[in-house]
Amino acid sequence: MAIEANIRRCDSADASALALVGQATFLETFSGILGGRDIVAHCARAHAVDQYETWLSNPDRALWLVEIEPGGAPVGYMVVAPAQLPLPDTAHDLELKRIYLLGRFQGEGLGRQLVSTAIVHARAARARRLLLGVYANNKPAIAFYERAGFGKLGPRKFNVGGQDYDDNIMGVSLKA
């Protein structure tokens, strides 16, 4: 049975839904990898309603929500923003800062739709590349991004709870 979903650009009323799905997907993705207290503290800071309110009020950021029908429950989201990754010359790049779906909705094509939406947005913004950071041990996510045309550009460290974790920086060129 196909999942019926709506992917829509967020507005200022979506901060609470974004915070909820942000916390839920982070918990689901990193449980068993990161410490429980570190996850809770990270979510309280990085996925707070006021964080999303700030992003939603910034015209340099674009956010999308994935809602499942019937009922419109939020099950995923994506944030595209100016690149802030440790690579040279990112001035004309955008970064796919966050892209998450709850596990039971993965494998249904929604991730591909989100990435396609991000690429269309980045091209319309005349970005040179779309970049992202992904946990280096998240092999399924890395394979997903590679299938979408992203290649590894370098490493970075991602700190949660005072501990550094290895990430891969990946990117796709947007020039025709």
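Trainee: Is glutamine 106 buried, partly exposed or exposed?
Mentor: This is a predicted model, so keep that in mind. Glutamine 106 has 45% relative accessibility, so it counts as partly exposed.

Trainee: Where is glutamine 106 found?
Mentor: In the loop between E4 and helix H4, which covers 110–124.

Trainee: What does the side chain of glutamine 106 reach?
Mentor: The backbone oxygen of leucine 101, at 2.8 Å.

Trainee: And how far is glutamine 106 from glycine 76 in space?
Mentor: The C-alpha atoms are 9.6 Å apart. In sequence, the two are 30 residues apart.

Trainee: New topic. Which residues of helix H5 are buried?
Mentor: H5 spans residues 139–147, and its buried residues are Ala141, Ile142 and Tyr145. Seen down the helix axis, they fall within an arc of 100 degrees, so they line one face of H5.

Trainee: What covers the buried residues of H5?
Mentor: Three strands are included: E4 (93–101), E5 (129–135) and E7 (163–173).

Trainee: Which exposed residues does the face turned away carry?
Mentor: Lys139, Pro140 and Arg147, on the face of H5 away from its buried side.

Trainee: What happens at the start of H5?
Mentor: Asparagine 138 has a side-chain oxygen there that comes within 3.2 Å of the backbone nitrogen of alanine 141.

Trainee: And what follows H5?
Mentor: Glycine 149 does, with a positive phi near 100 degrees.

Terms used: Residues numbered from 1 in each chain as written. Predicted model: local features only at pLDDT ≥ 70, side-chain atom pairs only at ≥ 80, totals over all residues. Heavy atoms only, no water. Buried < 20%, exposed > 50% of the residue type's maximum accessible area, 1.4 Å probe, protein only. Helix = DSSP H or I, 4+ residues; strand = E, 2+ residues; numbered from the N terminus. Arc of directions from axis to C-beta. Contact = heavy atoms within 4.5 Å. Polar contact = N/O pair within 3.5 Å; in protein donor to acceptor, adjacent residues only side chain to side chain.
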